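Please look over the sequence and the model shown here before reading on. The report that follows takes up the sheets, the packing of helices and the relation between the chains.

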Protein chains: 2
Amino acid sequence: MIGEYPSAALERAVNAFASLPGIGRRTALRLVLHLLSRPESEVREFGSVLETLKEDIRYCKICHNISDTDVCPICSGPKRDSSTVCVVENVQDVMAIENTMQYKGVYHVLGGVISPMNGVGPSDLQIDGLVERVRAGGIKEVILALSPTMEGDTTNFFISKRLSDTGVRLSVIARGVAVGNNLEYADEVSLGRSIVDRTPFV
Amino acid sequence: MIGEYPSAALERAVNAFASLPGIGRRTALRLVLHLLSRPESEVREFGSVLETLKEDIRYCKICHNISDTDVCPICSGPKRDSSTVCVVENVQDVMAIENTMQYKGVYHVLGGVISPMNGVGPSDLQIDGLVERVRAGGIKEVILALSPTMEGDTTNFFISKRLSDTGVRLSVIARGVAVGNNLEYADEVSLGRSIVDRTPFV
């Protein structure tokens, strides 16, 4: 446990960092003292970047991914297949899937998953936007790529209901044993899914 | 591995956080996205606190601890024994010792320890200041409370040399088995020290 701070300015900075997820007061203090050991210009820059963060960050008006432009490079990419939309939870997921180099379609960032426990309902997510996109036409397939969790599955189900009358093809990313993992270390659920959802051996 | 960021503003913020010790790019991204989910005013406040951090933070001109005033509350505290000076590495150590409620003397914050590996020499620390304080008189005992590491021991030795002709009483914090720990779990060195440095049983 940490006692009284020798300075109000120090305490303000520690409180700011300690408000971030996964950063306790002890770590926050370490971070602040690190910044104090850095050149003034660097710390100033850090501060100003955060100060204008919310204005500087904008979102693609089509897929709601973070973007510097009204329409993000992926949505406006000539090489992307705009008839396939991959529904993801957040920006990290888009970056992770882009990293695989396996996907050439476009995305739709929900901004989370339905989670009554955390007070997140369908209206808090970009689900209406997704339905509008599909109704607007030109979309053949919607791939649900949410986390394989209770919340993710609930959200998948909710979205499928909302899209049921659009006639769009709905798919969900494959669940099974992780590539490169020893079978004995796979959990029963994933292993079970991998057998039920087995694919033809080519 | 994280791929390309969808926005330059996002990347700037991630780079800022990733420059902090113990925070990788993945964690940095998570922190930035958390801030994006917070109210604008809160993020703005965070930024402005850091922007002026270096000016806002001042140091006690006697003990070099972080302080809002020229002389910190400890150095100017009427109840503190200014004839005993405890030499510590940094602000955290002062807070840790204050937490014990066992110390009524004052401090001297070195700002680190001698560490050739990290390019930290005696001149980078507040050692001259300490010698001056002792020479100025009124100090009976100097307690060396640096980390029980190679660097700490080197610094202790260097300080003792510098103070040898001042006639001030030098002591070092006790090293031995941690209170509440089972003997069998104590490392040999600490256990050895605890036997050599045994104290009379009262």
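## The sheet of chain A

In chain A, four strands form an open sheet in the order β4-β3-β5-β6, with parallel pairing; helices (H or I, at least four residues) and strands (E, at least two) are DSSP runs, numbered from the N terminus, and two strands pair if DSSP finds at least two bridges between them. The edge strands of chain A are β4 (105–109) and β6 (169–172), each of which pairs on one side only, and the twist averages 25 degrees from one strand to the next.

This is a predicted model, in which local features need pLDDT of at least 70 and side-chain atom pairs count only at pLDDT 80 or more, while totals for chains, interfaces and linings use all residues; side-chain values use heavy atoms, with hydrogens and water left out. Residues are numbered from 1 along each chain as its sequence is written, and chains are lettered from A and ligands numbered from 1 in the order in which they are written.

Strand β3 (residues 81–88) of chain A runs parallel to β4(A) and is joined to it by five bridges; A:Cys86 has A:Tyr107 of β4(A) as its bridge partner. Helix α6 (residues 127–135) of chain A lies across β3, β4 and β5 (141–144) of chain A, running at about 145 degrees to β4(A), where axes are lines fitted to C-alpha atoms, for helices over the stretch in contact, and angles run from 0 to 180 degrees between N-to-C directions.

## Helices within chain A

Helix α1 (residues 8–18) and helix α2 (residues 25–36) of chain A have axes that come within 8 Å and cross at roughly 120 degrees. That makes α1(A) oblique to α2(A), given that angles under 35 degrees count as roughly parallel, over 145 as roughly antiparallel, 65 to 115 as roughly perpendicular and the rest as oblique.

The contact (heavy atoms within 4.5 Å) includes A:Leu10, A:Val14 and A:Phe17 of α1(A), and among its residues in α2(A) are A:Leu29, A:Val32 and A:Leu35. Its residues divide into eleven nonpolar, one polar and one charged; Ala, Val, Leu, Ile, Met, Phe, Trp, Tyr, Cys and Pro count as nonpolar, Asp, Glu, Lys and Arg as charged, and the others, Gly among them, as polar.

## Two chains about one axis

## Helices between the chains

Helix α3 (residues 40–51) of chain A packs with helix α1 (residues 8–18) of chain B at an angle of about 140 degrees, their axes being 10 Å apart, which makes α3(A) oblique to α1(B). A:Glu45, A:Phe46, A:Val49 and A:Leu50 of α3(A) make the contact with B:Arg12, B:Ala13, B:Ala16 and B:Phe17 of α1(B), and by class it has six nonpolar, no polar and two charged residues.

Helix α5 (residues 91–100) of chain A and helix α2 (residues 25–36) of chain B pack at about 145 degrees, with axes 10 Å apart. Here A:Val91, A:Gln92 and A:Met95 meet B:Leu29, B:Arg30 and B:Leu33.
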